[in-house]
Amino acid sequence: MKLQADWGLRGRMVLVSLLLLVAYLALAVVLVEVLGGGLLFTVAILGGLSFAQYYYSGSLALRSMGAREVSAEEYPELHRMVTQLAQQTDTPQPTVAVAETAVPNAFAAGRSPSAATICVTTGLLDRLDQDELEGVLAHELAHIKNRDVAVMTIASFFASIAFLVVRWGWLLGGGRDRDAAPIWVAILVSLVVWVISFFLIRALSRYREYAADRGAAQMTGEPAALASALRSISEDMEQVPKEDLREQAEMNAFFILPIRSGFIGRLARTHPSTERRIDQLLELQGEL
């Protein structure tokens, strides 16, 4: 099976990437003026950090979740589903990982389809039936196929740099009023860049979830199963201890369903509403 290209998602990824590139280059120029040093040196430092983030993002995401790679002997049915979905869509076999947590969720990580991982939690495995789990795995494989994980990772990294300048930049002024003006210019520009990044990244994040839902529907031919899985995850999330939810909230943008508990979960939507996603999937089911 060859998934239909989602040109809406591709166009949005290109547009968001170009807009963010302009914003981040402006930030780099300002930082050069404030901190001194050459533009080439600053770009080299930021480029090196972004490459490290791009290259190691998958392993860092898994480590933050306490996830581990599992073998086919440990989770034969999970491996069978992932292998089957990868083969039928001509996608390189992703690594399979499991995180020991009661939070029912899943995410895809990795810099490219050839170096990707699909991670599910034990909470998810305990709650979903076979068809629902297959729908969730297809959704994550669609993210890998669409290559949107890498775009989100790099964009989020530079947004974090801008946020750090805003948060800690005032310390560089050190009370030297006469010399503090450039620092405050850098803080102001960083704030603008961070706000722009914040809304662009979240707009892209919401659309990519719709795209992955559509991709999963194509793969399985059962969009209603994914709709049922989203409904189960949403309902079961309310029963998970608040401490567990807060621990995992940093991964919100990459989960199949966001955690709405805690400050990070409430700050802004990284996903469209579960109800709208379910409605869209049920419409697709009707068309099939």
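Q: How far apart do the end C-alpha atoms of residues 12-32 lie?
A: In this predicted model, residues 12-32 are 100% helix and 0% strand. UniProt, in an unreviewed entry, lists residues 12-32 among its "transmembrane region" features. The end C-alpha atoms of this span are separated by 30 Å.

Q: What accessible area do Leu188, Leu191, Val192, Val195, Ile196 and Phe199 have together?
A: Leucine 191 is in helix 7, residues 181-220. Its relative accessibility is 36%, so leucine 191 counts as partly exposed. Together with Leu188, Val192, Val195, Ile196 and Phe199, Leu191 forms a nonpolar surface patch of about 520 Å².

Q: Which residues are linked with Asp148 and Arg208 in a network of salt bridges?
A: The side chains of arginine 208 and aspartate 148 meet in a salt bridge at 2.5 Å, N to O. Arginine 208 lies in helix 7 and aspartate 148 in helix 6, so the bridge ties together parts 60 residues apart in sequence. Arginine 208 is buried at 1% relative accessible area, and aspartate 148 is buried at 2%. The network that includes this pair also contains Glu209, Asp213 and Arg277.

How values were computed:
Residues numbered from 1 in each chain as written. Predicted model: local features only at pLDDT ≥ 70, side-chain atom pairs only at ≥ 80, totals over all residues. Heavy atoms only, no water. UniProt positions renumbered as here; feature names shortened; annotations may be inferred. Helix = DSSP H or I, 4+ residues; strand = E, 2+ residues; numbered from the N terminus. Patch = residues over 30% accessible without salt bridge, like charges linked within 9 Å, V, L, I, M, F, W, Y side chains within 5 Å. Areas by Shrake-Rupley, 256 points an atom, 1.4 Å probe, with all protein chains shown as cover. Salt bridge = Lys/Arg side-chain N within 4 Å of Asp/Glu carboxyl O. Buried < 20%, exposed > 50% of the residue type's maximum accessible area, 1.4 Å probe, protein only.
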